[in-house]
Structure formats: C-alpha cells, structure tokens
Amino acid sequence: MHRKIKYLIAATLVIGAISGFLPENNLLSGSIRAYAATYKEASNGELNSLTLTRSTGSEIKFGDTYSSDDSSLTGKKDYYVELTGADGLQISASAQGDGYVVKQFTSGSKTEKGEDVGEYIDVDSTYEDIYLRTYKSETAYEEAYSNDDVTDCEKTYILHLKKPTVVSDEEAFAEHAYLKSIYLSNGSINFSKDTTSYNVNVNDNVEEILVRATPEDDDYSVSINDYSVDKDKDYEQTVKLDKGNNKINIEVESDDEKKTYTLNVYRGNSGTSTTSATQSNSISENQTFETSSNVGKFNSWQRVNGKWQYIDGTGQPVKSRWWFDKNTGKNYYLKDDGYLATGWLNDNNNWYYLGESGEMQTGWICLDKNWYYLGKSGVMQMGWLEDASGNWYYLDGSGAMKTGWIEDSDGKWYYLDSAGKMIKDTVIDRS
C-alpha cells in the first residue's frame, strides 16, 4: 500500500476514534459541567480541594481512571485526567492547614521552579504528568527551591494527563525525512532515527573518519558536510578530523521535510586535556568546547578529558544531581565525579535511561531487542500500561515488555501479541 494512503487511513481511524468517545453533551456542544472535588478528611499538608478547568472555564473530570465519571479527591496521590476537547488546563487547589501553599510543576525534576496553581498549562504530548506539591509556607518552598530539591515538601500529587491525538491533514500526508542508519569507521553511536545529535570520541591518531548515512528511502537526498552522497556512492563520505572537536552535519531531505543529524566528534586521547577556542552552552549544538579541567566559562557545558561536565556559576562541576538544560529542553544527570551519565541509571530506586548524548529518555525505547516504557518524568514503568489508543501492555519486573501468555498476580491468564498488545474478544490456541 502506498505510504500516503496508509497515512490517510491512519488519520481517518484516529479522528473516528476521537469522535466516537466524545460525550454527547460536552464542551463542544455548548454544555458546561462542573467536576470540582473536596476532601473533608484532609490532614495538614494534604489537598482539601481540587478543580481542573479548560481555557473556556468548563471544568474537567478526574479520578482513579481516565474514564472516571465523577471527580473524587481522597487521600490518594495519583489521579487520571482525560483532556477531551482541551489543549491544556488550569488548576485550582488548596491545602489543609494555616499558611500551607500549593505549587505546580511540569516534571519530576528536583530543580524545576514551581508555579502558583492557577497558571494555565499547555499540554502538547499524548501523555504528560503534572506534579502538585504542598509546602508549610511560601518560605518553605523557597528554601527547597534554593537547595535544588523541590521534592522536599509535605505531599506530592501526580495528575496523569491523557490527551487524544488528532492528526491534521498536512501531517497525515507528510513524508518525513529519516535516516535508516549511520555507520562510522571509528567510534560508535547508539543510533535512533528520532535522535539527531550524537557525541563520538576517537583516538588522537585517527586523522579521518568514514561516515555512511543510509536513508529510509532511496528517493531521499543525503549530504554529508554539504557533500552530496547517493546509493551509487553507498551514501559514504570520508571526513578529515582536526585534533579536538569536529562537527559533521548529515542532511536528509524528502519531498516534505529536511532533517539534520549532527555528529560531534572529539579527536584526542581520553587521558589528556586539551583546550579549544570557543564554547557553546548547548550539548545539541556543540561545535567546539572548552576542555580544560580547571578553566573555562561558568554556567556552560565543557569537555574535560574527552567527557562532558556542566560548570556552574561558581566554576565547579555539577555533581550527583539532575540538570535541566533550558537550551536543549532536556534533563541530564551528572554523576558523583561530575561527568555526564549515559545508559541505565538508578536514582532513588527508580530506573532511567539516558541516551548517547546524555538526554533523559521518555516514551518507548528498544534496547537489546527488548522494549521498555519510560514515563514523562523518565521513570521506567512496570506492570500494566495503557496507551493512547486503549491498548494494554505488560512490563515485567525488569521493565521489559512481555509477549505471549502471561499469568497476572490475580491468577488470570492474558495473551499479548508480538507487538505486546493484550488481545481481547479473540479465541487463542494455547496448544
């Protein structure tokens, strides 16, 4: 089937599904219903009232599931919200106790600056988590924020938001430009077509590197550092490397889109420290970086002994904490030696996965032929998981997605197909 016909069918199914679960008397037909909730048994620090509203002022229901009919505020700390007919929400909440305050956060980062409840929150993703934290006073919040740990609070509540996906006609017909793979004659990367920036280390004696950038479709045009490559040339180009930092741009273009992948190649021995001329404050757009271990600009990324550190306003590397880079919009973790973490990371008994460039991953990822799901806050999920289309998956104790027959803790058997989706209303042969 032609690619664009597939897109059209997919768009039709999604739009049809959305129209199918919109209630008859909802916001779109002019009816406004209230879903405010109170909790009379709240103790000090707990929420005693919570209201969620659309930009139009109509209130949004929340509860123990996405399909809750009525809002209910209890002693529980997790609530589920389906944003049907809304591009975001506004929160009104209060905490029990004199002087207690409530702050809202858009991530689980310990260093994120909170907002007073009432500020409108735009929701762009299918799934997002909003955190509500209570503090004994405004001063208590300010102290927690200044200590880089806003989780030092009285109570934390999580609103799990689910926003139905609507596919525009333009998006449905778009032919996105992706690479299928990147091969390097020296160094290695963990390639994903959705990741467009990579850091690569090669030895000091490597004077050039062969780059092979294979597109998903042979009709796409590919260039490496402005040098056009095609199938006849195996999409290859040899690039000479200077000592220190080198930037290699790979452009892939379809009829509808142009995308640039960037290789930040550092040539040098990992045990020596060299200094380059210029420095960028963003990992994803780094060309040259200060790599001296004891001098450089403050509040910026620096390469030290071939590895990344973030130097704070005092000139010291950030250590043993998460760091949100406003330039990339990504979260990173700096280890106790100050170097950027990559791969699996256990923090406070939660598992996270950090990409080749150190950015915290979210959503589905595939590693060593196993699929894992990382929530909006980056935490690896376990147990049953429902996606935006209502499909259920099961992730075992290691976080890996299961397939085939499984027995749940309730003693019931379930069948998961080769894509991990739970099969319903179908006869399956267990022989």
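**Notebook: strands, sheets and cysteines**

The model I am reading is predicted.

From that pair I moved out to the strands. β13 covers residues 208–215 and pairs with β16 in the antiparallel sense, over five bridges. I then looked up the sheet around them. It is open, has three strands in the order β11-β13-β16, and its pairing is antiparallel. I checked the edges next. β11 (179–184) and β16 (236–240) each have a single partner strand, so one side of each is left without a neighbour in the sheet. I noted the twist as well: it averages 25° from one strand to the next.

**Five-strand sheet**

I turned to another open sheet, with five strands in the order β4-β10-β9-β6-β7. The pairing here is mixed. β4 (78–82) and β7 (115–116) are the edge strands, and each pairs on one side only. Inside the sheet I followed β9 (residues 127–135) and β10 (residues 155–162). Eight bridges join these two, in the antiparallel sense.

**Hairpin**

I went on to β29 (residues 404–407) and β30 (residues 413–416). They run antiparallel and are joined by four bridges. G404 stands opposite L416 in β30. I counted through the turn: five residues lie between the strands of this hairpin. G411 takes a positive phi there, near 85°.

**Cysteines**

How many disulfides are there? I found zero, taking sulfur atoms within 2.5 Å as the cut-off. C153 has a relative accessible area of 17%, and buried means under 20%, so C153 is buried. C366 comes to 40% relative accessibility and counts as partly exposed.

**Whole chain**

The protein chain has three helices and 30 strands. Of its 431 residues, 44% are buried. I checked contact range too. Among contacts with a separation of 6 or more, 54% are between residues 24 or more positions apart. The accessible surface of the chain comes to about 22,900 Å². Carbon and sulfur atoms account for 43% of that surface.

Methods:
Residues are numbered from 1 along each chain as its sequence is written. This is a predicted model: local features need pLDDT of at least 70, side-chain atom pairs count only at pLDDT 80 or more; totals for chains, interfaces and linings use all residues. Side-chain values use heavy atoms; hydrogens and water are left out. Two strands pair if DSSP finds at least two bridges between them. Axes are lines fitted to C-alpha atoms, for helices over the stretch in contact, and angles run from 0 to 180 degrees between N-to-C directions. Buried means under 20% relative accessible area, exposed over 50%, partly exposed in between (1.4 Å probe, protein chains only). Contact means heavy atoms within 4.5 Å. Accessible areas come from the Shrake-Rupley method with a 1.4 Å probe; for residues, only the protein chains shown count as cover.
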